[in-house]
Amino acid sequence: MTQMTKKSDEPTQPILTIDSFYAETKPFVDQFNIWVSELRFGAHADHLCYKCGTSDVFVAIRNLFERPDSYQFQSFISGRRIAIIKLPRPIPTLLGNIWFLELSDQKPDGCQTSGFDHIELYPTHGTLEQMVALLAIRGIVINRSNHPHHQTYDIILKGGFRIRLEPESLIETIKRRDMK
């Protein structure tokens, strides 16, 4: 099984089929669902992120989902490839179906290992700032991180898996920034 933290060794079993990919998501989605079940707020689960330890892993997983009818968008962000892939079937969560995978190639410094990294949420009512404030009032520890391409708000769950808070869906961000 894929490790729950990015700082672990590569998984012993590579993801070779779409069914094995979905099976590998289960512990992370279960952990996410437990966390959101205790908090009722207006948000939607947008996508699941998988970070790759090598470029070979990135290409293998990207190719696994490549079909004539599939949506894939790839860009270079912070010196590496990031692919957005529409999944063939959704991953159900308590905050809606996840239809997209964010697949991140190895960072230029080689620091990441393969594994599920985060599920991203965006508010369905109000703003990101309001959602962050509401969670902070409830005692949730939120880490603000400044990345080269944008700022994020992360909630770190047991084992290092994260819930990332963003102002809008990833597809809306791509349309606004990259499809002008």
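Trainee: How many residues of strand β5 (residues 115–123) are buried?

Mentor: This is a predicted model, in which local features need pLDDT of at least 70 and side-chain atom pairs count only at pLDDT 80 or more, while totals for chains, interfaces and linings use all residues. Residues are numbered from 1 along each chain as its sequence is written, and side-chain values use heavy atoms, with hydrogens and water left out.

In strand β5, nine of the nine residues are buried; buried means under 20% relative accessible area, exposed over 50%, and partly exposed in between, with a 1.4 Å probe and protein chains only. Helices (H or I, at least four residues) and strands (E, at least two) are DSSP runs, numbered from the N terminus.

Consider next the strands that pair with β5; two strands pair if DSSP finds at least two bridges between them. Strand β1 (residues 43–51) runs antiparallel to β5, with eight bridges, and P123 of β5 is the bridge partner of A43. With β8 the pairing of β5 is parallel, over four bridges; here H118 stands opposite R162 of β8.

The aromatic side chains come next. Rings of Phe, Tyr and Trp (its six-membered ring) pair if their centres lie within 6.5 Å; planes under 30 degrees apart count as stacked, over 60 as edge-to-face and the rest as tilted. The structure holds seven aromatic pairs. In one of them, F28 and F116 are tilted, at 5.1 Å centre to centre and 45° between the planes. This pair links distant parts of the chain, since F28 belongs to helix α1 (residues 18–37) and F116 to strand β5, 88 residues apart. Both F28 and F116 are buried. F28 also forms a tilted pair with F161, again at 5.1 Å centre to centre and 45° between the planes. F161 lies in the loop between β7 (151–156) and β8, 133 residues apart from F28. One aromatic cluster is formed by F21, Y22, F28, Y50, F65, F116 and F161.

Finally, E166 lies in the loop between β8 (162–165) and α4 (170–178). Not counting residues up to four places away in sequence, E166 touches several residues, including E120, L121, Y122 and P123; contact means heavy atoms within 4.5 Å. E166 is buried yet has no salt bridge, and the nearest side chain of opposite charge, R164, is 4.8 Å away. A salt bridge is a side-chain nitrogen of Lys or Arg within 4 Å of a carboxyl oxygen of Asp or Glu. Lys and Arg count as positive and Asp and Glu as negative, while His and the chain ends are not counted.
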